[in-house]
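Subject: Handing over the structure

Hi there,

I am passing on the structure we talked about, with the sequence alongside. Have a look at it first, and then read on for what I found.

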Amino acid sequence: MFDGACVVDFLLLVFALKLKGKEKEEVIKSMEKLNVDKSSSGQISFKRKPIIVIVVGMAGSGKTTFLHRLVCHAQASNIRGYVINLDPAVMTLPFAASIDIRDIGCYKEVMKQFNLGPNGGILTSLNLFATKFDEVISVIEKRADQLDYVFVDTPGQIEIFTWSASGAIITKAFASTFPTVVTHVVDTPRSASPVTFMGNMLYACSILYKTRLPLVLAFNKTDVAQHQFALDVLFIYGV
Ligand SMILES: Nc1nc2c(ncn2[C@@H]2O[C@H](COP(=O)(O)OP(=O)(O)OP(=O)(O)O)[C@@H](O)[C@H]2O)c(=O)[nH]1
Ligand SMILES: [Mg+2]
């Protein structure tokens, strides 16, 4: 029986024998890109990568509270994780963010400087932050082997992920480097209204097709209203 490591070892040997000079260097570089590691014992293993969980949803749907519960669960279960706050307008966070967009400046300054309203200020702050997102990726990459998850909180301006450039840059930057999943938080009591429910589902579809990433629908606030109606509707459409 061959295991994965033996097959990769064999392939490397074949490549190393066949290729010379520049070609050999290119193969080694692409193996590095695939994050293949050769240990001192000669065994080849894939480097650990944290799973990125991007929490999105309409304003006030409960993203931050949901993320707080995830962080508490991770801490209680000894799951190592990072938390990234991408909401420049949040006043206080119930968890300690490892990387916080508020550290690069106040969104109110952005509003003043570019003569924008609150939504435009938040969107522009994220656009500015997106221009430096490679630095965020390299920070996570450096600690990749010590992390299991990276939880990302986002602002309620869902347009960021449906049409704004920053949403596309951020999701692509994450997804091209780490396994990434999007969690769309749905306010269940508000979704009891068919119009709000369909609006929410259309946003979820828009994010799904725009990012092309695995998407989890999290029906929140089920202590106030049960989510069974949503499951029934989604079941009819085969979701
Ligand atoms: N009853 C109930 N209330 C909740 C639940 N989750 C969140 N809330 C409440 O919903 C409100 C909004 O919660 P947040 O976590 O701030 O929502 P958010 O989506 O992060 O809001 P923005 O970042 O402003 O878009 C708060 O008053 C929370 O206490 C829940 O599961 N049940
Ligand atoms: Mg929030």
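Let me begin with the ligand. Helix α3, residues 63-76, contributes three residues to the shell around ligand 1, the most that any element gives. Please keep in mind while you look that this is a predicted model.

The shell around ligand 1 has 14 residues, and those that come nearest are G62, K63, T64, T65 and D223.

In the side chain of T64, an N or O atom is 2.7 Å from an oxygen atom of ligand 1. The side chain of K63 likewise has an N or O atom 2.8 Å from an oxygen atom of the ligand. With S61 the backbone is involved: one of its N or O atoms lies 3.2 Å from an oxygen atom of ligand 1. On its own, ligand 1 exposes 650 Å², and 59% of that is buried by the protein.

Now to the sheet. In what order do the six strands of the open sheet run? The order is β5-β4-β6-β3-β7-β8, with parallel pairing. The edges are held by β5 (99-100) and β8 (215-220); each has a single partner strand, so one side of each is left without a neighbour in the sheet.

For a detail inside the sheet, take β4 (residues 81-85) and β6 (residues 149-153), which pair in the parallel sense over five bridges. Here I84 stands opposite V152 in β6. Helix α8, residues 165-175, packs on the sheet and touches β3 (51-57), β4, β6 and β7 (180-187). The direction of α8 makes about 160 degrees with that of β3.

Enjoy exploring!

Best wishes

Key: Residues are numbered from 1 along each chain as its sequence is written. Chains are lettered from A and ligands numbered from 1 in the order in which they are written. This is a predicted model: local features need pLDDT of at least 70, side-chain atom pairs count only at pLDDT 80 or more; totals for chains, interfaces and linings use all residues. Side-chain values use heavy atoms; hydrogens and water are left out. Two strands pair if DSSP finds at least two bridges between them. Helices (H or I, at least four residues) and strands (E, at least two) are DSSP runs, numbered from the N terminus. Contact means heavy atoms within 4.5 Å. Axes are lines fitted to C-alpha atoms, for helices over the stretch in contact, and angles run from 0 to 180 degrees between N-to-C directions. A residue is near a molecule or strand if one of its heavy atoms lies within 4 Å of it. A polar contact is a pair of N or O atoms within 3.5 Å; within protein, one must be able to donate a hydrogen and the other to accept it, and residues adjacent in sequence count only if both atoms are side-chain atoms. Accessible areas come from the Shrake-Rupley method with a 1.4 Å probe; for residues, only the protein chains shown count as cover.
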